[in-house]
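Dear colleague,

I am handing over the structure below, and after it you will find an account of what was found in it. Please have the sequence and the model open together as you read.

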Amino acid sequence: MTALETDVVVVGVGSVGSMASWQLASRGQRVIGIDRFSIPGPFSAYAGESRIFRKVYAEGGHYTPLLQRSQDLWRELEKVTGTELLSTTGAVTIYDDHNPRLASLLAAGKDNGLDYELLRGDEARAKYPEHVIRDTDVTILDPEGGYLKSEKAVTAALAEAARLGARFLGNRKARSVEKHGDRYLVRTDQEEIIASRVIISQGNGAGALCKELGVHLSVLPQILTWFPAADPATFCREDMPVFLRRAEEDGRPDKAQFYGFPSADGWTVKVVASIFLDEVESMEKPPTWDPQHLNTIRAWVREFIPGLVPEPLRVAVCADGHLPDATGLLGMVPGMEGVVAAAGFSGHGFKMASALGAVAADLVLDGTTDTDVSFMNPARFLGPDARLSSLALS
C-alpha cells in the first residue's frame with residue numbers, strides 16, 4: 001500500500017473541509033485532502049446551487065461571532081479568487097405573530113447590536129409584494145443577509161488551496177485514524193498517510209466518527225425545488241431579499257416551513273420545504289423519492305407565493321447530517337491532541353462554513369482559537385474522563 005506524508009490530512013473536503021484546506025494551505029501547511037466522492041462532489045451537503053446567509057439568527061446569538069468571521073472570510077475568498085460568492089440581498093423572515101421563534105430571532109438581533117427592520121400589514125405588503133403577507137404576520141429584515149453560491153464557493157476554496165500546494169485525493173474511503181509514534185496514521189482503502197495533525201470533516205458521511213464520539217448522526221435527505229415565475233421581473237428585482245417563512249399558528253392543519261431565493265437564472269425561483277425524507281445510511285447511493293413528496297411544497301407555493309407557477313421544473317437532492325441537539329461537533333478529539341472533529345452541523349453549517357474551516361485550522365495548528373466554539377465541544381456526548389486513542393471512520 002502506498003505511504004504518503006504531509007503536515008495535515010483533511011478527511012472530507014466538502015463544505016467545511018474545503019475551507020479548512022484553504023486556510024491551512026494559506027498558513028504554509030502541506031495539506032492532503034481525501035474524500036469518498038470526486039472533488040468537488042455531487043452528493044455533498046452543499047449541492048443545489050445556493051445557501052442562505054443570515055446574521056440575525058434565530059438559532060441563537062452565540063453563533064454571531066462565527067457568522068461575523070464567516071462574512072469576513074467569504075469576502076476574503078472572493079478577493080483572492082476573483083469570484084463572487086456572497087450576494088447581500090437582505091434576508092426577510094416571515095412569522096405568524098405568535099410563533100415561538102419570533103422572540104429568539106429578535107433577541108439575537110438586539111443582544112448582539114445587529115440591525116433589523118420589523119414590519120407588519122400594508123407596510124410589509126408594499127415592501128415584499130411577491131409574498132402573501134397576512135394581518136397576523138410579522139416580517140423581520142436582516143439587511144446583512146443574503147445567499148452564498150455554495151457549489152461555486154467550495155470549488156473556489158479547493159482551487160485556491162491547490163494553487164497554494166494542497167493535494168486532493170478523491171474516490172477513496174477513509175478507514176481509520178491511529179496514533180503513529182508522535183504523529184497519526186490515516187488509513188484509506190488505497191493508501192496510508194502519515195501526518196502530525198488531522199481534521200475530520202466528513203459531512204453527511206461522518207456517521208462512524210459521531211458513533212466514536214458517543215452520538216448518532218442522522219443523514220436526512222432534502223428535496224430542493226425550482227419553480228417558474230409567471231412574471232420573472234418580479235423575482236429578479238435588485239431589492240428582493242432571500243426569504244424564510246414559518247406559518248405555525250394554532251389550528252393550521254400543517255406547519256408551513258420553507259425558504260427561497262431571488263431568481264438566479266432570470267426565470268425560475270428556488271423554493272425549498274424545510275422537511276426531509278426518511279433517514280438514510282449513506283448518500284453513496286442517492287435515495288429515491290415519490291413524486292408525492294412535492295405536494296407539500298406545491299401547496300405552500302400556491303398559498304404564499306402566487307407569482308410562481310406551483311409546478312417545479314427542476315429538482316435536486318442534498319443531505320445533511322443532523323445531531324440530536326442540532327449543534328455541530330467542532331473541537332479536539334479527547335485523548336488525541338492534534339485531531340479535530342468538525343461534523344454534524346445539522347443543516348445550518350454552510351453559511352458559516354468558512355469560519356468553521358478556519359476555526360478547525362486554528363485548533364489543529366495552535367490548540368486554541370479566538371472564536372468561541374465551546375458550545376460545540378465534540379466530547380459532550382462522552383463521559384468527562386473519556387480518552388480515545390484511535391478512530392474508526394467507516
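Ser346 has its place in the loop between strand 19 and helix 8. Please keep in mind throughout that this is a predicted model. The phi angle of Ser346 is near 60°, which is a positive value in a residue other than glycine, and with a relative accessibility of 9% Ser346 counts as buried, because buried means under 20%. Ala326 also has a positive phi, near 55°, and is likewise a residue other than glycine; Ala326 lies in the loop between strand 17 and strand 18, the latter spanning 329-332. At 38% relative accessibility, Ala326 counts as partly exposed.

A further point concerns the peptide bond from Ile39 to Pro40, which is cis, with omega near -10°. Pro40 is found in the loop that runs between strand 2 (31-34) and strand 3 (51-53).

**The nonpolar cores**

The largest nonpolar core holds 47 residues, and the members that touch the most other members are Met19, Leu24, Leu66, Trp74, Leu330, Phe350 and Leu356. The elements that give two or more residues to this core are strand 1 (2-11), helix 1 (15-26), helix 2 (64-81), helix 5 (150-163), strand 19 (339-343) and helix 8 (353-366). Helix 8 provides the largest share of this core, with 10 residues. There is also a second, separate core of 34 residues, and Leu4, Tyr184, Val280 and Leu391 are among its members.

**Two helix pairs**

Helix 1 and helix 8 pack with their axes 7 Å apart, at an angle of about 55°. An angle of this value makes helix 1 oblique to helix 8, and the crossing of helix 1 and helix 8 is right-handed. On the side of helix 1, the residues that take part are Ser15, Val16, Met19, Ala20, Gln23 and Leu24, and they meet Ala353, Ser354, Leu356, Gly357, Ala358, Ala361, Val364 and Leu365 in helix 8. Sorted by class, the contact of helix 1 with helix 8 has 10 nonpolar and 4 polar residues, and no charged residues.

The other pair is helix 2 and helix 5, whose axes come within 10 Å and cross at roughly 60°. Helix 2 is therefore oblique to helix 5, and the crossing of helix 2 and helix 5 is left-handed. Here Trp74, Leu77, Val80 and Thr81 in helix 2 meet Ala153, Ala156, Ala157 and Glu160 in helix 5. By class, the contact of helix 2 with helix 5 has 6 nonpolar residues, 1 polar residue and 1 charged residue.

**Three further residues**

Gly307 has its place in the loop between helix 7 (295-304) and strand 17 (314-322), and at 25% relative accessibility Gly307 counts as partly exposed. Although Gly307 and Asp231 are 76 residues apart along the chain, their C-alpha atoms are separated by 6.8 Å. When residues up to four places away in sequence are not counted, Gly307 touches Ala229, Ala230, Asp231 and Phe235.

Ser218 is found in strand 13, which covers residues 218-228. Is Ser218 buried or exposed? At 18% relative accessibility, Ser218 counts as buried, because the cut-off for buried is under 20%. Leaving aside its neighbours within four places in sequence, Ser218 is in contact with Glu279, Asp320, Gly321 and His322.

Glu123, finally, lies in helix 4, made up of residues 121-127, and Glu123 is exposed, with a relative accessible area of 55%. Between Glu123 and Thr139 there are 9.8 Å in space, C-alpha to C-alpha, and the two are 16 residues apart in sequence.

With kind regards

Methods:
Residues numbered from 1 in each chain as written. Predicted model: local features only at pLDDT ≥ 70, side-chain atom pairs only at ≥ 80, totals over all residues. Heavy atoms only, no water. Core = buried A, V, L, I, M, F, W, Y, C linked by side-chain atoms within 4.5 Å. Buried < 20%, exposed > 50% of the residue type's maximum accessible area, 1.4 Å probe, protein only. Helix = DSSP H or I, 4+ residues; strand = E, 2+ residues; numbered from the N terminus. Axes fitted to C-alpha atoms, helices over the stretch in contact; angles between N-to-C directions. Parallel < 35°, antiparallel > 145°, perpendicular 65-115°, else oblique. Left-handed = near helix turned anticlockwise from the far one by under 90°. Contact = heavy atoms within 4.5 Å. Nonpolar A, V, L, I, M, F, W, Y, C, P; charged D, E, K, R; others polar.
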